[in-house]
Amino acid sequence: MNNTKVTDASLVRDYLDGNENALGALINRHQHRIYSFIFSKVYDRDIAEDIFQDTFIKVIRTLKRGKYNEEGKFLPWVMRISHNLVIDHFRKNKRMPKFDNSGDFNIFSVLSDGDLNAETQLIKDQIESDVQELIKELPDDQLEVLTMRIYKDMSFKEISERTGVSINTALGRMRYALINLRKIIEKRNLILTN
Amino acid sequence: MGKLYFKKSSKEEKINHLHPKKETVEFLLNYSKALRVNEYKKMKFETLLN
């Protein structure tokens with residue numbers, strides 16, 4: 001088949017008439033443009049591959065269901081589908097591309113998606129266990145308030161009722177607990193961030 | 001040195017040579033061959049025949 005002379009519209013018609021080769025011709029003709037467009041947004045071969053596949057699955061299903069309205073705009077239609085799927089992908093990952101990267105700098109290397117991967121989860125667990133060890137060095141009254149507030153999620157009113165001190169005293173103990181905790185961390189040169 | 005200014009960045013270069021994997025295209029063609037849409041009283045049912 002001579003792809004350069006046959007229009008997209010007639011290939012679509014052929015495909016709808018049952019000629020499966022017409023789909024192959026359409027994919028071959030536009031695969032580079034569509035795949036490059038997807039890759040330019042996601043910068044990941046595997047994700048681009050998935051989105052490319054999902055795009056054409058949608059195309060095939062729409063065509064076979066007879067829902068495609070031919071207006072001589074096959075490529076813009078497919079590009080729109082892939083664009084929507086790219087947006088869905090970023091929505092799923094709770095992030096949106098804000099910059100069009102043209103150089104080697106990848107903005108996503110400095111943007112985090114908020115979700116924890118296995119490594120950051122491990123680091124977070126480690127930090128939490130370190131903090132639990134550190135607070136044991138606080139004076140008992142401060143430790144008590146801090147534990148109730150942070151780990152038991154109690155309000156200062158509840159803490160004051162439970163410990164028999166005023167709310168202001170509980171607030172003061174919490175404040176000193178945090179100040180002392182910072183001092184302990186500084187003294188030991190600890191870095192408790194990921 | 002001058003060449004450096006005209007050298008395309010690796011990403012630009014990459015994008016110009018991008019194509020989906022053969023397997024992906026083959027999968028799509030096979031999917032298309034296997035997919036049948038049957039109509040029954042205004043309803044449409046999709047079946048995948050292996």
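Helix axes are taken here as lines fitted to C-alpha atoms over the stretch in contact, and angles between N-to-C directions run from 0 to 180 degrees. In the predicted model, helix 2 (residues 20-42) and helix 3 (residues 45-64) of chain A pack at an angle of about 130°, with axes 9 Å apart. Angles from 65 to 115 degrees count as roughly perpendicular and those over 145 as roughly antiparallel; helix 2 of chain A is therefore oblique to helix 3 of chain A. The crossing of these two helices is right-handed. On helix 2 of chain A, the contact is formed by Ile27(A), Ile34(A), Tyr35(A), Ile38(A), Phe39(A) and Val42(A), and on helix 3 of chain A by Ile47(A), Ala48(A), Ile51(A), Phe52(A), Thr55(A) and Phe56(A). By class, 11 residues of this contact are nonpolar, one is polar and none is charged.

Helix 1 of chain A crosses helix 2 of chain A in a left-handed manner. Asp8(A), Leu11(A), Asp14(A) and Tyr15(A) of helix 1 meet Ala22(A), Leu23(A), Ala25(A) and Leu26(A) of helix 2 in chain A. Six residues of this contact are nonpolar and two are charged, with no polar residue.

These helices belong to a chain whose secondary structure comprises eight helices and zero strands. Of the 194 residues in chain A, 16% are buried. Among contacts in chain A with a separation of 6 or more, 54% join residues 24 or more positions apart.

The largest nonpolar core contains 23 residues, and those with the most contacts inside it are Tyr15(A), Ile27(A), Ile34(A), Tyr35(A), Ile38(A), Ala48(A) and Phe52(A). At least two residues of this core come from each of helix 1, helix 2, helix 3 and helix 4 (74-92) of chain A, and likewise from helix 3 of chain B. Helix 2 of chain A provides the largest share, nine residues. Beyond its neighbours within four places in sequence, Ile38(A) contacts Ala48(A), Ile51(A), Phe52(A), Ser82(A) and Val86(A). Another core, of six residues, lies apart from the largest one and includes Leu146(A), Ile159(A), Ala170(A) and Ala177(A).

The contact between the chains takes 20 residues from chain A and 19 residues from chain B. On the side of chain B that touches chain A, two or more residues come from each of helix 2 (10-16), helix 3 (22-34) and strand 1 (35-40) of chain B. Helix 3 of chain B gives the largest share of that side, eight residues. The side of chain B that touches chain A is made up of 10 nonpolar, five polar and four charged residues.

Most residues other than glycine have a negative phi. Two residues in loops of chain A have positive values. Tyr43(A), which is not a glycine, has a phi of about 50° and lies in the loop between helix 2 and helix 3 of chain A. Tyr43(A) counts as partly exposed because it has 17 C-beta neighbours inside 10 Å. Asp153(A) has a positive phi near 55° and is placed in the loop between helix 6 (140-151) and helix 7 (156-163) of chain A. With 8 C-beta neighbours inside 10 Å, Asp153(A) counts as exposed.

Note on methods: Residues are numbered from 1 along each chain as its sequence is written. Chains are lettered from A and ligands numbered from 1 in the order in which they are written. This is a predicted model: local features need pLDDT of at least 70, side-chain atom pairs count only at pLDDT 80 or more; totals for chains, interfaces and linings use all residues. Two residues are in contact if their C-beta atoms, placed from the backbone, lie within 7 Å. Helices (H or I, at least four residues) and strands (E, at least two) are DSSP runs, numbered from the N terminus. Ala, Val, Leu, Ile, Met, Phe, Trp, Tyr, Cys and Pro count as nonpolar, Asp, Glu, Lys and Arg as charged, and the others, Gly among them, as polar. A residue is buried if 20 or more other C-beta atoms lie within 10 Å of its own, exposed if 12 or fewer, and partly exposed in between; C-beta atoms are placed from the backbone. Angles under 35 degrees count as roughly parallel, over 145 as roughly antiparallel, 65 to 115 as roughly perpendicular and the rest as oblique. A crossing is left-handed if the near helix is turned anticlockwise from the far one by less than a right angle, and right-handed if clockwise. A nonpolar core is a set of buried Ala, Val, Leu, Ile, Met, Phe, Trp, Tyr and Cys residues joined through C-beta atoms within 7 Å.
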